[in-house]
Structures are given as structure tokens and as C-alpha cells.
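The following paragraphs lead the reader through one protein model, from its overall arrangement to individual residues. Please keep the structure in view while reading.

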Amino acid sequence: MKSVLERAQSGRTVAMRMSKSSEDDLKIKREVLSRFEREASTFDLERMALGYRLRNELVKKLLIEEHRPHASVLDLGCGTGEYTQLSVQIGYEVVGGDASRNMLSIAKQKIRKHRLARRTELVRLESTRLPFRRCSFDDVTCIAVLDSVPNYHRLLAEARRVLKPDGRLFACVDSLWSPYRLFRLGQRLTRRERGYTHAFSSMELKASLTTRGFRVERLFGDVLLAQVALRLLFDPKGEAVASKVLRMTQPLDYYLTRLPLLKAFSAHYFVEARKTEF
Ligand SMILES: C[S@@+](CC[C@H](N)C(=O)[O-])C[C@H]1O[C@@H](n2cnc3c(N)ncnc32)[C@H](O)[C@@H]1O
């Protein structure tokens, strides 16, 4: 029987090709790509840093709650394969795709180590020009990727194209007004760090999805102020106390950040959207 990748592959070669982008977009994409190539070996350590720990938990919770056994999923911008691995473990047949060779090579090692290679394929690709046929996947996951792609509207259009009718997109992005992000922005300015990243307001995220042929079924945020307070109060690697405080504040924050007015202060937005007919 053919694998999900064999069924999905279009005539295009599975090589990375840049979509028709403006010169500016291309420049940004190359800069983003070289950043991820450099960061690949430390990327999984960052995931456990205080600012990302809750995000990681909420992404996992969302995928586990919503998974459809035996369905196919494209993990777009799979990075080191954290959610690729989870998706296989919860029963999906998975294709993970990313532009970064170094990220993919770490993902490959993980998949092999956990003996998941039979139900997983990893492909180097450019997210705005996918080498797959239309209507190939039941679901697409896109975690922390839209923020790095300057012409992310094209990514959404491509995600919709490769989704089957009624297919779902799960995405997570940085929130524009996150106190944590503003704090980081201040830090980066003082250290003169550069690098493209786009943060979303919930309205922009919703509007982008709706105009690209998705119906937003769920949109929620994560921790409100707890992460900033914790970051200021504790050494981010001082795990024990920080984890306890975070665990206590999480349930409250989780519900508060569903409220329209407070949602804006989330650090990230999580969205589940369904492909619609135009
Ligand atoms: C912040 S990482 C997230 C990785 C993974 N989804 C996770 O949450 O662990 C963003 C990933 O998107 C990939 N990426 C960025 N721009 C891309 C593009 N234009 N096409 C394909 N992948 C891209 C990067 O190489 C990187 O692995």
C-alpha cells in the first residue's frame, strides 16, 4: 500500500523551491532559514524555557484532544519534530516538512530513536509552495511557523489546497500584545538583536484564516501575566519553584485568556480552523 507521502506527492520534486516572493520576502526567508539552521542544535532546550513550556503543553493537549486515529497529517514547519513525533504516537500517519536541513536532521534522529519511521516521512520543503497534490491530508499542523514566514497568506492558501474537504488546520502563533513578547522585545533592542518575526493580534489571525477559506472553530490564548512575573522573579532555569507557580496559575489563566478582553494579553494564540468552500 502506498504511504501518505507517495499518495500526496505531486509532480513537483520534493526539493525546496522558493515560491514567487518579492525580493524583500526572499531576503527575509533566507535570513530566517539561516537563523533556524544555526539554532537547530539548541532548539529543543528553548522549548523547555519558561516562556515556552506552557505553550508546549497546550499544543500537545490540543493535538491529543482533537486527533483522529488513522488520519493523515502534514506537520508544516516541523522543526526538530516534536509534534511530528507526538502525532505519530497518537495514531496519525505523518508527513513532517521543513525548510531547514539541520532541523530535519534532528527530527530524523528522534523519529528513528523512537522507532516511528514506518509511519513518518520527513521532507524538505518551502511552506508557501508545497510539493503535494490538492486534498491530500486530513489535518495540517503549523506550530510557531506563521510568525516566521513573511508571505504567510500564501502558506495558508497552500495549507488549504492540500487539505481534504472539511480538513482542519491547527496553528499556534505569537500574540502581538503579549507582555512576555514586549519584555523580550525590550531585551532584544538593548542587545541590538535583529531577526524577522511577526506577531498576530487575534483579529488579524482570524481575518487571515477567514479570507483564505477557513472557518475558525476555536481560538484561545495562554498565560496572562504569570510568565512575565515568573521570569522577573526567578531564574528561568530554576525549574522547581517556577513550575509550581506556573502550575497553580495555569488553570485560571487558561480560562481568563478565553475572554475577549483578556485574550490580547496571552503570550500565544492557539487556533483550530476548518477548510470551507469559498
Ligand atoms: C519556531 S520553529 C517551530 C518548529 C516546530 N513546529 C515546533 O514548534 O517545534 C519554526 C520552523 O519553521 C521553519 N520554517 C521557517 N520558515 C519556513 C519556510 N518558509 N518554509 C518551511 N519551513 C520554514 C523553520 O526552519 C523552523 O524549523
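In this account, helices (H or I, at least four residues) and strands (E, at least two) are DSSP runs, numbered from the N terminus. Glutamine 85, for example, has its place in helix H5. The model under discussion is a predicted one.

A residue counts as buried if 20 or more other C-beta atoms lie within 10 Å of its own. Glutamine 85 has 21 C-beta neighbours inside 10 Å and therefore counts as buried. Leaving aside residues up to four places away in sequence, glutamine 85 touches Lys110, Ile111, His114 and Leu116.

The chain as a whole may now be considered. Its secondary structure comes to twelve helices and seven strands. Of its 278 residues, 40% are buried. Among contacts between residues at least 6 apart in sequence, 79% join residues at least 24 apart.

How are the strands arranged? Seven strands form an open sheet in the order E3-E2-E1-E4-E5-E7-E6, and their pairing is mixed. Strand E3 (120-124) and strand E6 (214-221) are the edge strands, each of which pairs on one side only. On average, neighbouring strands of this sheet are turned by 15° against each other, direction ignored. As a general principle, strands of a sheet pair through backbone hydrogen bonds, either parallel or antiparallel. Strand E4 (residues 137-143) and E5 run parallel and are joined by six bridges. Phenylalanine 137 stands opposite leucine 163 in E5. Helix H9 (residues 202-211) packs on the sheet, where it touches E5, E6 and strand E7 (268-275). The direction of H9 makes about 160° with that of E6.

The interior of the protein comes next. In soluble globular proteins, nonpolar side chains tend to be buried together. The largest nonpolar core here has 53 residues, and those with the most contacts inside it are Val140, Cys142, Ala159, Leu169 and Ala171. Strand E5 (residues 163-174) supplies the largest share of this core, namely six residues. Alanine 171 touches Cys142, Ile143, Leu146 and Val271, again not counting residues up to four places away in sequence.

Two residues deserve attention for their backbone angles. Most residues other than glycine have a negative phi. Alanine 144, however, has a positive phi, near 60°. Its place is in the loop between E4 and helix H7 (152-162). Alanine 144 is buried, because 20 other C-beta atoms lie within 10 Å. Aspartate 166 also has a positive phi, near 75°, and its place is in strand E5. Is aspartate 166 buried or exposed? A residue with 12 or fewer such neighbours is exposed; aspartate 166 has 10 C-beta neighbours inside 10 Å, so it counts as exposed.

Finally, the surroundings of the ligand may be examined. The ligand is surrounded by 19 residues, of which Gly77, Gly79, Ala99, Ser100 and Ser127 are the closest. The residues of this shell divide into ten nonpolar, five polar and four charged. Helix H2 (23-39) and helix H5 (82-89) each supply at least two residues of the shell, and the largest share, three residues, comes from H2.

Definitions and conventions: Residues numbered from 1 in each chain as written. Predicted model: local features only at pLDDT ≥ 70, side-chain atom pairs only at ≥ 80, totals over all residues. Near = placed C-beta within 6 Å. Nonpolar A, V, L, I, M, F, W, Y, C, P; charged D, E, K, R; others polar. Core = buried A, V, L, I, M, F, W, Y, C linked by C-beta atoms within 7 Å. Contact = placed C-beta atoms within 7 Å. Pairing = 2+ DSSP bridges. Axes fitted to C-alpha atoms, helices over the stretch in contact; angles between N-to-C directions.
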